[in-house]
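Work through the exercises below with the sequence and the coordinates open. Each task is followed by a stepwise solution.

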Amino acid sequence: MLDVAGASTEVVSVIESHESTGTESSFTFSDIDLSMDNDSHLILEIDLACTAGLLLQLQYNDMDVSYYAEGHRIVGGTQTIIDQSNQSAFDLTDSTILVNANDSVGVLVELTLTKGATGVSRNIQMFSKMHGIQQEAIVISGANANANITQIADVKILTSTSTWTTGSRMTLYRVRRAPA
């Protein structure tokens with residue numbers, strides 16, 4: 001949808017969709033150009049299967065420091081509290097969830113861009129929920145401690161422990177701020 005000036009007025013739009021054509025250990029959504037003044041959220045949906053036990057992570061703006069997260073993981077009726085500080089990435093899943101080859105998960109990630117009032121520092125809040133094939137669940141919220149972030153240029157999904165399979169899919173959506 002376009003307004004009379006030709007600018008997009010869509011509230012939600014797909015930035016990029018990716019389906020792996022081979023095994024992968026990372027994928028970067030680049031050239032996002034997300035602004036805290038004009039945009040309010042990024043939403044990322046991930047549907048993948050692993051080739052072996054897998055820790056799935058997220059980074060943005062090519063930063064590998066200062067990620068903090070808290071939440072809980074439930075596997076086989078046992079709940080574990082998650083408390084991560086000063087990590088190199090957000091952990092979206094871990095190898096207690098994706099244990100065997102062809103284990104699959106669905107992950108929904110929301111990155112909220114807090115615009116803040118005049119004089120209030122801006123930041124990016126992350127919320128992630130994941131469900132696995134064995135009815136496991138992880139719910140995590142967190143932030144990056146870098147207060148100087150004013151936009152998101154890229155989002156990277158990665159793992160250092162294995163790879164995901166051919167046909168795994170990821171879609172990144174932008175949610176614009178409503179006009180004032």
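**Exercise 1.** In which strand does Leu-58 lie? Then state its burial and list its contacts.

*Solution.* Note that the model is predicted.
Step 1: Leu-58 sits in strand β5.
Step 2: check burial. The relative accessibility of Leu-58 is 1%. The cut-off for buried is under 20%, so Leu-58 counts as buried.
Step 3: list the partners, leaving aside neighbours within four places in sequence. Leu-58 contacts Leu-44, Tyr-67, Ala-89, Phe-90, Leu-92, Val-109, Val-155, Lys-156, Ile-157 and Leu-158.
Step 4: take one partner and compare sequence with space. Leu-58 and Leu-92 are 34 residues apart in sequence, yet their C-alpha atoms are 7.0 Å apart.

**Exercise 2.** Which residues touch the most other members of the largest nonpolar core?

*Solution.* 
Step 1: identify them. The core has 39 residues, and Tyr-60, Val-155 and Ile-157 touch the most other members.
Step 2: find the main contributor. Strand β9 (residues 104–114) gives the largest share of this core, five residues.
Step 3: Not counting residues up to four places away in sequence, Ile-157 touches residues including Phe-27, Phe-29, Leu-44, Leu-58, Trp-164 and Met-170.

**Exercise 3.** How many aromatic pairs are there? Classify each.

*Solution.* A pair of aromatic rings is described by the distance of the centres and the angle of the planes.
Step 1: count. There are two aromatic pairs.
Step 2: take Phe-27 and Phe-29. Their centres are 4.9 Å apart and their planes make 85 degrees, an edge-to-face pair. Both Phe-27 and Phe-29 are buried.
Step 3: take Tyr-60 and Phe-90. The centres are 6.5 Å apart and the planes are at 40 degrees, so this pair is tilted.
Step 4: locate the second pair. Tyr-60 lies in strand β5 (residues 57–60) and Phe-90 in strand β8 (residues 90–91), so the pair ties together parts 30 residues apart in sequence.
Step 5: check burial. Tyr-60 is buried at 0% relative accessible area, and Phe-90 is buried at 1%.

Methods
Residues numbered from 1 in each chain as written. Predicted model: local features only at pLDDT ≥ 70, side-chain atom pairs only at ≥ 80, totals over all residues. Heavy atoms only, no water. Core = buried A, V, L, I, M, F, W, Y, C linked by side-chain atoms within 4.5 Å. Buried < 20%, exposed > 50% of the residue type's maximum accessible area, 1.4 Å probe, protein only. Helix = DSSP H or I, 4+ residues; strand = E, 2+ residues; numbered from the N terminus. Contact = heavy atoms within 4.5 Å. Phe/Tyr/Trp six-rings, centres within 6.5 Å; stacked < 30°, edge-to-face > 60°.
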